[in-house]
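Hi,

Here is the structure I promised to pass on. Have a look at it first, and my notes come after.

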Amino acid sequence: MFSVLKKLLATCLIGFGLGILLVILLPLAGWLFIVGCTVILVGLLFLCQK
């Protein structure tokens, strides 16, 4: 059960990070781009864990 919740959280983090990146590409703010990339990487790390 915990692994399902972990995968769900990872998927939500990746989606949230991609949403940040897509919204931020319009005004091109640098720090929010870094935040979006970080959120995506954390989501991918959660998915890669057993």
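Below is what came out of going through the model.

A word on the ground rules: this is a predicted model, so local features need pLDDT of at least 70 and side-chain atom pairs count only at pLDDT 80 or more, while totals for chains, interfaces and linings use all residues. Residues are numbered from 1 along each chain as its sequence is written, and side-chain values use heavy atoms, with hydrogens and water left out.

The overall picture

The chain has two helices and zero strands. H1 covers residues 2–24 and H2 covers residues 30–48. Of the 50 residues, 24% count as buried (buried is under 20% relative accessible area, exposed is over 50%, partly exposed is in between, with a 1.4 Å probe and protein chains only). The accessible surface is about 3800 Å², and 84% of that belongs to carbon and sulfur atoms (Shrake-Rupley method, 1.4 Å probe; for residues, only the protein chains shown count as cover). As for contacts (heavy atoms within 4.5 Å), take those between residues at least 6 apart in sequence: 52% of them join residues at least 24 apart.

Ile-20 sits in H1 and is buried, at 15% relative accessible area. Leaving out residues up to four places away in sequence, Ile-20 touches Leu-32, Val-35 and Gly-36. Its C-alpha is 7.4 Å from that of Phe-33, which is 13 residues away in sequence.

Leu-47, in H2, has contacts with Lys-7, Ala-10 and Ile-14 once neighbours within four places in sequence are set aside. Lys-7 belongs to H1 and is partly exposed at 49%. Leu-47 and Lys-7 are 40 residues apart in sequence, yet 5.8 Å apart C-alpha to C-alpha.

A nonpolar patch

Leu-41, Leu-44 and Leu-47 make up a nonpolar patch on the surface, with about 260 Å² of accessible area together. Patches are built from residues with over 30% relative accessible area and no salt bridge, joining like charges within 9 Å and nonpolar side chains (Val, Leu, Ile, Met, Phe, Trp, Tyr) within 5 Å; a salt bridge is a side-chain nitrogen of Lys or Arg within 4 Å of a carboxyl oxygen of Asp or Glu. Leu-41 is exposed at 53%, whereas Leu-47 is partly exposed at 36%.

Cysteines

How many disulfides are there? The count is zero, going by cysteine sulfur atoms within 2.5 Å of each other. Cys-12 is partly exposed, with 48% relative accessible area, and Cys-48 is exposed, with 65%.

Cheers

Notes
Helices (H or I, at least four residues) and strands (E, at least two) are DSSP runs, numbered from the N terminus.
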